[in-house]
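Please open the model in a viewer and keep the sequence panel at hand.

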Amino acid sequence: MMNRIDYTLAQKSNLNAIYTTAGFPNLNDTPKSIQLLSENKADIIIVVLPFSDPLAGSPTLQESEKVALQNGMTTKLFFEQLKHIRKQTTKPILISGYLNPIYQYGVKDFCEKCAQIDIDGLIIPDLPLSIFKSKYQQYFTENNLKYIPFISPQTSESRIKEIDNLAGGFIYTIAPLAENSAFSEKEIAYFKYLKNLKLKTPQLIDVGMADNKQVEIALSFFKGRIISDAYVNFLAQNTVEKTADFIKSYI
């Protein structure tokens, strides 16, 4: 069966991949958050599995993970909450989490559990490419899970091509942009450079809190955008039930 991420990427451009944090703002909000995002223009949903030391995350995500853990979120509860999620959405769902809790659970067991509840891919910021390739790639393949790696302006061309060969679904491109600022000529040149590499794997770009004009510029180079902070920040001040209001105001 074709992975939902591949199917979605093949069907549509200008995709919206939206982050939400499991157990935030309230412990049992996650299934409802996923459902409402799915009903309101989210093409791909990325669910953060909270970790106590999320150093690679933004301050917004770090704070949400802290609150979620204080609420009582655990890996076991996370899987329990999502075991019937396919009754609520057919959209691709990815888990974003650090290697430590996945390793503690057992990487093989974690991947198998993801397959049982129809998760489509994993984003693991601190998983080295070499370790994925030598130790864990087989578990992803066996469970139809896509491996989503990162690239940034600091990533060399040779590394980008290696990532392109190993990536599944899409490549997560980092180019955060502060709200109301504009892309510099250097950043535009980087976008053109990536486009000219003609990578086989589509790229989605995380542009932070960029305004609509800057998003439009970015989407002329990329398959879609990743909204990593905005929805989580919205939930810090609003209930999950107001998710449609966020979508109307932001997308």
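Begin with the largest pocket, whose volume is about 610 Å³. The model is a predicted one: local features need pLDDT of at least 70, side-chain atom pairs count only at pLDDT 80 or more, and totals for chains, interfaces and linings use all residues. Residues are numbered from 1 along each chain as its sequence is written, and side-chain values use heavy atoms, with hydrogens and water left out.

Select Ala56, Pro125, Phe150, Tyr172 and Ile174, which are the closest to the centre of the largest pocket among the 32 residues that line it. On a 1 Å grid over the protein atoms alone, a pocket is an open set of points with protein on both sides within 12 Å along at least five of seven lines; a cavity is a set where a 1.4 Å probe fits but cannot get out, and lining residues have an atom within 4 Å of a point. Grid points are joined across faces, edges and corners, and a volume is the space filled by probe spheres set on the points.

Next, colour helix H3 (59-71), helix H8 (157-166), strand E7 (171-177) and strand E8 (203-208), the elements that give two or more residues to the lining of the largest pocket. Helices (H or I, at least four residues) and strands (E, at least two) are DSSP runs, numbered from the N terminus. E7 gives the most to this lining, with four residues. By class, the lining of the largest pocket comprises 22 nonpolar, six polar and four charged residues; Ala, Val, Leu, Ile, Met, Phe, Trp, Tyr, Cys and Pro count as nonpolar, Asp, Glu, Lys and Arg as charged, and the others, Gly among them, as polar.

Proceed to strand E9 (residues 224-227), which pairs with strand E1 (residues 15-21) in the parallel sense over four bridges; strands pair if DSSP finds at least two bridges between them. E8 and E9 also run parallel, joined by three bridges. Select Ile226 in E9: it is the bridge partner of Ala17 and also of Asp206. The chain crosses from E8 through H10 to E9 in a right-handed β-α-β crossover, that is, with the strands pointing away from the viewer, the path from the first strand over the helix to the second runs clockwise.

Which residues of helix H10 (residues 212-219) are buried? They are Gln214, Val215, Ala218 and Leu219, where buried means under 20% relative accessible area, exposed over 50% and partly exposed in between (1.4 Å probe, protein chains only). These four lie on the same side of H10 because they cover an arc of only 135° around the axis, taken from the directions from the helix axis to the C-beta atoms. On the other side of H10, Lys213 and Glu216 are exposed.

Val215 also belongs to the lining of the largest cavity, together with Val207, Gly208, Met209, Ala210, Arg225, Ile226, Ile227 and Tyr250. About 30 Å³ of space lies in this cavity. E9 gives the most to the lining of the largest cavity, with three residues.

Finish with the backbone. Select Phe24 and Pro25, which are joined by a cis peptide bond with omega of about 0°; Pro25 is in the loop between E1 and helix H2 (30-39). Lys41, in the loop between H2 and strand E2 (44-48), has a positive phi of about 75° although it is not a glycine. Lys41 counts as exposed, at 52% relative accessibility.
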